[in-house]
Amino acid sequence: MANEKVEFQVYNSMTRQKELFIPKEPGKVKMYVCGVTSYDYSHIGHARAYVAFDLLYRYLKYLGYEVMYVRNFTDVDDKIIRRANELGEDPTALSGRYCQEFLKDMDDLQCLQPTHQPRVTEHMEQIKEMIAKIMANGCAYTINGDVYFSVDSFPEYGRLSGRKLEDNRAGERVEVDSRKKNPADFALWKSAKPGEPSWESPWGPGRPGWHIECSAMSAHYLTHSFDIHGGGMDLTFPHHENEIAQSCAACRESNISYWMHNGFVNIDDEKMSKSLGNFFTIREVTRLYHPLALRYFLLGNHYRSPVNYSIAQIEIASESVFYIYQTLLDSEEALSAFQQGTETAKNAKGRVTPQAQECINKLRNELKTKLSDDLHTPTILNAALQEALKLMNSCLTILKKKQQKQQHLSASLSLTELLKEVKAVLDVLGLLAGSTCAEVLQQFKERALKRAELTEEDVLHAIEERALARKNKDFARSDQIRTDLAAKGISLMDITGTTETAWRPCVRSIQEQPAAPAQPKKSAAAVQEQPAAPAQPKKSAAAVQEQPVAPSQQKQPSAAPQQEQPAAAPGQQEHPTVPPQ
């Protein structure tokens, strides 16, 4: 891929249009993404931002670029100090702990580690040096130990956000202070207050303002001129606007080629907000849904579009990823059993079917063309990938039936190449887990049981009760058992040619879905500092299925499960594989 000419278009918030991506140095990319203020568990808005920029990081590497990716931690801030005071804890210890919790969340979401993850407290010298340069250039002033940037000294202030100075809202991380020359002037250095962390400086003891840290740390690791600066859309103003002003004030050659911003997260069509009590931490969501389901849900929307989080949508995303991994597992097991046949196929000069080769080419081309169009992921997930999975299941069907030897050989080779290409695509998207497919499926099932408030023993007992009802021809009771389990997100699967029944997670009916993935967010002081993460089994068995059920393509899940038939023909599966639409 590195040798192929790819025209990568990205949307530049500065110019408000898509532009051809051309790095400042051929073959190398430098990118900086604003990180979290570490005073609490990260929420799904954070997940939205860092999954988006992880995808960018992965795709740039896929294209063959050498990428230096810097994402910071704000580990000293007014919010951190307030939270530490509420909990009676040292601010440095509190912020350090939440930095580690954030890294765990990122690992769960399969976000690659950035090249550097600097913390404000470890870069005080660089921050003070930049403030000194800004003052020397006449763009800042001091008042009783505080240092403020003068926005009037930067005529281009507002060019990123399109806002005028009179639009500035006092108090929006732009402190209200009658001493300032202009109400929009913002703090570069804050004088020390009793009981707060502080560092010595030429202006007296204190700590940095919020905005200066990113300018100083990005310049330290990437120089004043680099390729990409990213963050949430809410950071456009005032944070990124202020970064531009102070960076240019410190160094006239300061220049960032592309400013990229991800869209907001809404909850049930309302803006996510702590004040409304409708925000959820990543940890709350991943307690009941696999992290891959959350990542898939986020990638199912273009990164710049608003995304509406709802239980219905995360349920569908969960079902989709389960289907992917069940198909991968079934393919791996079928090819393993057919390994000798695959080797024979090579010796016999068997070939991939034209249909499979066309599907592989389309999937590869869609990945390149859609991601090169400003990281357009929805089409890949909803079309090209689904077509490949559908064809993989067709190959599995051929391998399980009595066919001519050449048909088996072609199906085996086709499945091998399809499996390889699908995994490559999942890897670029960050959806290929480090665990085995069987382990991932088991993790999905454990969370499904937790959502249903059942144990596996409860489900197995229900399966036994249903089998007895079927034996006694009590089909009403048999149907009710299956309906009740389906309403809780547990689907029963009768295995073709056997008397066995397996179970898998499914989308719950709407009336059974809770309004939130967990208990409503509690006050900061009441939040448990170190909740136990869900146990991750080291090894587990995969669900036994004849064919995986394709994910629902509906906006809303079906409210009523399929009614059971009084009798099925011998060898007929009650829930056959339904290929994606």
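Author: Gladly, and let us begin with a term: a salt bridge is a side-chain nitrogen of Lys or Arg within 4 Å of a carboxyl oxygen of Asp or Glu. With that in hand, Asp78, Lys190, Glu196 and Arg207 are linked in a network of salt bridges. Please keep in mind that this is a predicted model. A search of the whole structure finds 24 salt bridges.

Reader: What makes Arg283 and Glu101 a salt bridge?

Author: Their side chains come to 2.7 Å, N to O, and the cut-off is 4 Å, so the pair qualifies. The two partners sit in distant parts of the chain, with Arg283 in helix 7 (residues 282–288) and Glu101 in helix 3 (residues 91–108), 182 residues apart.

Reader: Why is Arg283 called buried, and why is Glu101 called buried?

Author: Buried means under 20% relative accessible area. Arg283 has 10% relative accessibility, so Arg283 counts as buried. Glu101 has 8%, so the word applies to Glu101 too.

Reader: How do you know that Glu332 and Lys423 form a salt bridge?

Author: The N to O distance between their side chains is 2.6 Å, which is within the 4 Å that the term asks for. Glu332 belongs to helix 9 (residues 311–337) and Lys423 to helix 13, so this pair ties together parts that are 91 residues apart in sequence.

Reader: What makes Arg466 and Asp494 a salt bridge?

Author: Their closest N and O atoms are 3.1 Å apart, and the limit is 4 Å. Arg466 lies in helix 15 (residues 456–471) and Asp494 in strand 14 (residues 490–494), so the pair ties together parts 28 residues apart in sequence. Both Arg466 and Asp494 are buried.

Reader: How do you know that helix 13 has close to its expected span?

Author: Helix 13 (residues 405–429) has 25 residues and reaches 36 Å from its first C-alpha to its last. Next after the helix comes Gly430, whose phi is positive, near 75°.

Reader: What makes a set of residues a nonpolar core?

Author: The residues must be buried and of nonpolar kinds such as Leu and Tyr, and they must be joined through side-chain atoms within 4.5 Å. By that rule the largest nonpolar core has 103 residues, and those with the most contacts inside it are Leu60, Leu294, Tyr309 and Tyr325. Tyr325 touches residues including Leu292, Leu431, Cys437 and Val440, not counting residues up to four places away in sequence. A second, separate core of 39 residues includes Ile134, Leu235, Ala245 and Ala249.

Reader: Why is one space called a cavity and another a pocket?

Author: A probe that fits in a cavity cannot get out, whereas a pocket is an open set of points, so the way out decides the name. The largest pocket has a volume of about 1,300 Å³. Of the 43 residues that line it, the closest to its centre are His43, His46, Lys79, Asp234 and Leu235. Helix 1 gives the most to this lining, with five residues. The structure also holds three cavities of 30 Å³ or more, and the largest cavity has a volume of about 80 Å³. Helix 1 supplies the largest share of that cavity's lining too, four residues.

Notes
Residues numbered from 1 in each chain as written. Predicted model: local features only at pLDDT ≥ 70, side-chain atom pairs only at ≥ 80, totals over all residues. Heavy atoms only, no water. Helix = DSSP H or I, 4+ residues; strand = E, 2+ residues; numbered from the N terminus. Expected span 1.5 Å × (residues − 1). Buried < 20%, exposed > 50% of the residue type's maximum accessible area, 1.4 Å probe, protein only. Contact = heavy atoms within 4.5 Å. 1 Å grid on protein atoms, 1.4 Å probe; cavity = no way out; pocket = protein on both sides within 12 Å on 5 of 7 lines; lining within 4 Å. Points joined across faces, edges and corners; volume = space filled by probe spheres on them.
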